[in-house]
Amino acid sequence: MSDHDDEFADVPALAAASGVTEPLRASRQVVRTADGGDVSAIRWSRTDPPTGREARITYLHGLGIDAHSFDQTAIAVDEPAVALDLPGHGRSGWRDDADYAAAVTAPTVLGALDALDVPPGLVVGHSLGAILSARLTALAPERVTGLVLVDMSPDFAQRAVDRIARALEAEEPFATLDEVVERAVAARVGDDRPALLREARHTTRLGEDGRLVRRHHFPHLGAGRTASVGRFADAWPDLEQLDVPLLLVRGDRGYVSPKLHQSFAERLPDATIVTVTSRHAVQTQAPLDLAAAIRDWATTHGLLDSVEEPPATSSET
């Protein structure tokens with residue numbers, strides 16, 4: 001999607017697919033944090049203009065994607081929210097040191113939530129965003145009333161995390177959006193081509209040579225430079241000291257394998273774990289299932305007002 005397109009033009013279609021007749025209003029806001037970082041956010045609001053105090057959920061996406069990955073989930077959950085572009089991603093600023101570890105970016109994200117006037121509420125994090133959400137909860141427990149991890153356990157192999165980052169850095173520009181989709185299918189990111197095309201529109205922009213390039217920092221680092229995304233295992237102390245309800249939503253073909261599922265349940269026996277039919281990017285491949293899991297769990301724990309749930313199926317353990 002070019003910078004001149006209406007980035008929220010597909011909200012009515014997403015709402016219709018979610019069974020929502022009056023979807024939340026979407027708008028974009030960029031804030032400057034105390035450490036000098038620019039953080040871009042999508043506000044999902046019932047009011048126009050939006051107000052930060054209305055938000056009840058914060059959505060944090062994973063490595064190499066952006067806040068739009070949660071669009072349909074946010075619409076289906078139907079609670080005012082903010083979805084951030086993490087530092088180095090989407091329309092947010094890049095760090096000079098290319099260090100995007102949770103311990104490094106958490107203060108910037110907390111500063112952004114302050115600037116956006118977001119009150120305490122649920123935090124939903126996918127992949128790198130899940131690790132970041134655990135760090136946020138440890139740093140500012142007063143901000144988080146419940147935590148949702150989407151297809152990520154701290155036991156996910158660090159070599160795989162680093163391999164993904166290196167692959168993002170090596171990614172070449174694209175001639176067309178269709179090429180973006182074909183590469184994603186070949187890499188087994190997913191097989192829902194309309195969903196992949198939508199992601200391609202949001203995560204790319206026109207480069208100086210007229211080809212499409214990713215918005216995130218990784219492929220723009222320059223020769224000889226690499227980025228850091230930190231050690232995911234460092235999230236275990238943050239999770240083990242939680243004093244709020246915890247939900248893990250894993251894809252049956254995602255990164256939380258049955259073995260990691262078992263170890264997660266053993267280390268955090270009070271956590272709720274829900275398995276849905278999806279690969280890693282649950283919020284784009286099974287957004288209604290994810291929304292239903294969030295609403296069921298949040299309603300059970302008294303975290304959100306009880307409303308009619310979006311249509312979806314899942315299995316809970």
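The term salt bridge stands for a side-chain nitrogen of Lys or Arg within 4 Å of a carboxyl oxygen of Asp or Glu. Helices (H or I, at least four residues) and strands (E, at least two) are DSSP runs, numbered from the N terminus.

Before going on, please keep in mind that this is a predicted model, in which local features need pLDDT of at least 70 and side-chain atom pairs count only at pLDDT 80 or more, while totals for chains, interfaces and linings use all residues. Residues are numbered from 1 along each chain as its sequence is written, and side-chain values use heavy atoms, with hydrogens and water left out.

How accessible are the two partners? D85 is buried, at 0% relative accessibility, whereas R28 is partly exposed, with a relative accessible area of 23%. Here buried means under 20% relative accessible area, exposed means over 50%, and partly exposed lies in between (1.4 Å probe, protein chains only). R28 and D85 also belong to a network of salt bridges that includes E7 and R91. In total, the structure holds 22 salt bridges.

D38 and R32 form a salt bridge whose closest N and O atoms are 2.4 Å apart; D38 is partly exposed at 30%, and R32 is exposed at 55%. R143 and D114 meet in another, at 2.3 Å from N to O. R143 is buried at 15% relative accessibility, but D114 is exposed at 52%.

Now turn to S127, in the loop between β5 (121–126) and α4. S127 is buried, with a relative accessible area of 8%. Beyond its neighbours within four places in sequence, S127 is in contact (heavy atoms within 4.5 Å) with G62, V150, M152 and H280.

Finally, a word on confidence. The chain averages a pLDDT (the predictor's confidence in each residue, from 0 to 100) of 93, and 94% of the residues score at least 70. Over residues 306–315, however, pLDDT stays under 50.
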